[in-house]
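Colleague: I am new to this structure. Please take me through one part of it closely.

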Amino acid sequence: LEPCGPECRPSRRSAVRSRAGHRRSCIERPPHLTTGSSRKLRMAALEVEEPRAEREDSFLHPNTQGNSIAGNSFLQTYRSNEEPLAQKEVRGTSSTVATAMSIITVMIGAGVLVLPAKFVEMGIPLGGIMLTVACAVSTYLSITMNQAIGRVQERTACRVQTLDDIGAACFGVVGRYITQFVINAFIIGKVTVYIVLIGQNLEYIQSPPSYKVWVLLCGGLFLATAFVNSVSLLEKVSIVGAICSGIYAFPIVFASVQARLDPEIPRAEDLLKLGGWYGFQFPAGALLPSFGVLSMGFGPIEVIATARRNLARQSRMPAAIIGAHAATGGFYLLVGVLGAWGFGNHVVGNVSQAMQTDSGKWVAGYVLAVAVALNLLVTIPISLYCLFSGLSKFGRIPPVVNFAVRLGVVVFCVFIGLSLPYFMEVLQVFTSTLVIPLAIFFPLAFGVKSAWDSGCPYSAARIVFDLIIFVVGFGCFVIGLRESIEDLLAEIERNNNLIAGDIGINMTQVEVF
């Protein structure tokens with residue numbers, strides 16, 4: 001069959017509908033085709049490449065999982081509402097290796113900073129097992145999401161651009177709104193965690209000013225960038241965040257060796273007994289929050305649609321997913337084991353805070369803190385842009401409401417960062433509340449529903465396997481959230497006792513004087 005001619009191009013009316021958030025297929029069936037045309041023909045229509053005035057770069061990857069930066073391609077997902085439909089490029093050009101590298105860049109980021117502490121807390125054997133399970137589950141769920149996107153595109157002949165597109169295709173308008181709500185809440189939670197992290201690292205670089213002063217200064221900067229409506233500037237600086245996230249490993253590895261050789265840091269002579277007897281004395285209830293934190297380092301669910309769209313051979317997407325997870329899992333295992341070997345019980349939470357002794361701060365700590373700060377100074381504005389651009393899908397928002405929403409989101413995130421300066425504990429609450437639904441519940445739901453709608457429902461064995469994963473995710477969501485909140489309250493109480501003790505000591509010194 002001949003490819004469609006100019007009459008199959010989208011009309012002006014359909015382009016307006018697309019910008020309004022009601023995307024329909026840009027391919028209309030020519031009159032010479034019968035109703036019984038095959039699904040292969042409809043899928044071939046998706047490969048028609050629209051004319052484009054200029055071609056943009058394929059990836060400049062930023063972080064949307066909370067890890068690095070999602071790049072140019074991810075930003076184009078939100079930029080698409082600003083461009084005429086006829087100017088969009090739908091044929092991918094990325095190779096399998098390039099796509100795998102892109103997914104790796106998305107996954108590796110701030111989550112790597114807590115790996116040494118988690119391996120010390122659980123013990124190296126148990127930590128390695130938990131990390132391997134989290135990597136395997138994330139690989140399976142990412143492939144499940146990729147399969148769901150393929151089924152939806154084959155059934156509807158519509159290209160899936162974002163997660164809410166597949167939510168609408170599987171569960172209608174309710175699915176679209178639920179998906180949008182979870183994604184928006186995820187971005188707000190991620191920004192909150194990042195504000196805590198950037199405050200800690202800036203305080204490490206220069207103190208005074210204190211942590212709270214740094215958070216307020218950064219909050220003012222992010223408040224200004226929250227009103228940026230153009231993505232061009234963010235695309236230009238996003239490469240800075242990608243480079244910085246790529247060098248996290250080097251100062252961590254170097255500092256681990258330095259900590260092992262430093263006489264001021266007590267060594268853990270039996271590494272296998274960290275976290276209890278070979279890790280198996282680790283409290284069972286604490287496994288679920290730890291699994292959620294480790295899962296955050298994987299799970300590129302929110303960028304699977306973008307990566308698939310940019311891949312030249314979409315049949316190679318599973319290979320790219322498997323390769324990306326294998327490389328990322330090996331990297332995480334190296335950092336976790338070396339960090340536990342070097343720092344031992346000296347590291348708690350953010351590993352950069354452990355890169356100091358009574359003799360002073362380490363050069364590796366400064367390098368890591370600068371890299372983290374630069375990465376987050378780029379990542380947070382990009383995340384806010386994606387959040388506020390996504391809100392336009394709910395319809396036209398009055399200027400006053402738009403201003404209030406942007407201001408309120410930034411103020412809320414800064415307020416939480418000022419009130420709860422505990423990176424590990426806040427991160428556990430965030431992963432249990434928002435990462436688990438996005439990384440586990442959505443792929444399972446979209447996978448089974450898309451298979452059912454396509455007339456090829458899951459086998460009994462796969463349904464049982466998915467139920468097991470769902471039970472684990474539900475446990476992380478409920479029990480893990482409870483444990484995370486208890487840990488956060490315990491840390492708040494411990495910090496208050498320390499402050500009260502310091503005040504008591506100072507008052508005693510004044511009375512003696």
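How much space lies in the largest pocket?

Modeller: Keep in mind that this is a predicted model. The largest pocket holds about 670 Å³ of space. Its lining has 26 residues. Closest to the centre are Gln200, Pro421, Tyr422, Glu491 and Arg494.

Next, the helices. Five of them each supply at least two lining residues: H7 (163-205), H8 (211-225), H15 (399-419), H16 (423-453) and H17 (460-512). H17 gives the most, with 7 residues. By type, the lining of the pocket divides into 13 nonpolar, 8 polar and 5 charged residues.

Now the nonpolar core. The largest one has 124 residues. Val112, Ile166, Phe343, Met355 and Leu384 have the most contacts inside it. Take Leu384. Leaving aside neighbours within four places in sequence, Leu384 touches Val191, Phe222, Ala226, Val409 and Val410.

Then the aromatic rings. The count of aromatic pairs comes to 12. In one of them, the ring centres of Phe298 and Tyr332 are 5.2 Å apart and the planes stand at 70°, over the 60 degrees cut-off, so this pair is edge-to-face. The pair links distant parts of the chain, 34 residues apart. Phe298 sits in the loop between H11 (287-296) and H12 (304-310), while Tyr332 belongs to H13 (317-343). Both Phe298 and Tyr332 are buried. Tyr332 also pairs with Phe331, in a tilted arrangement: 5.9 Å between centres, 45° between planes. Phe331 is buried too. Elsewhere, Phe441, Phe470, Phe474 and Phe477 form one aromatic cluster.

Key: Residues numbered from 1 in each chain as written. Predicted model: local features only at pLDDT ≥ 70, side-chain atom pairs only at ≥ 80, totals over all residues. Heavy atoms only, no water. 1 Å grid on protein atoms, 1.4 Å probe; cavity = no way out; pocket = protein on both sides within 12 Å on 5 of 7 lines; lining within 4 Å. Points joined across faces, edges and corners; volume = space filled by probe spheres on them. Helix = DSSP H or I, 4+ residues; strand = E, 2+ residues; numbered from the N terminus. Nonpolar A, V, L, I, M, F, W, Y, C, P; charged D, E, K, R; others polar. Core = buried A, V, L, I, M, F, W, Y, C linked by side-chain atoms within 4.5 Å. Buried < 20%, exposed > 50% of the residue type's maximum accessible area, 1.4 Å probe, protein only. Contact = heavy atoms within 4.5 Å. Phe/Tyr/Trp six-rings, centres within 6.5 Å; stacked < 30°, edge-to-face > 60°.
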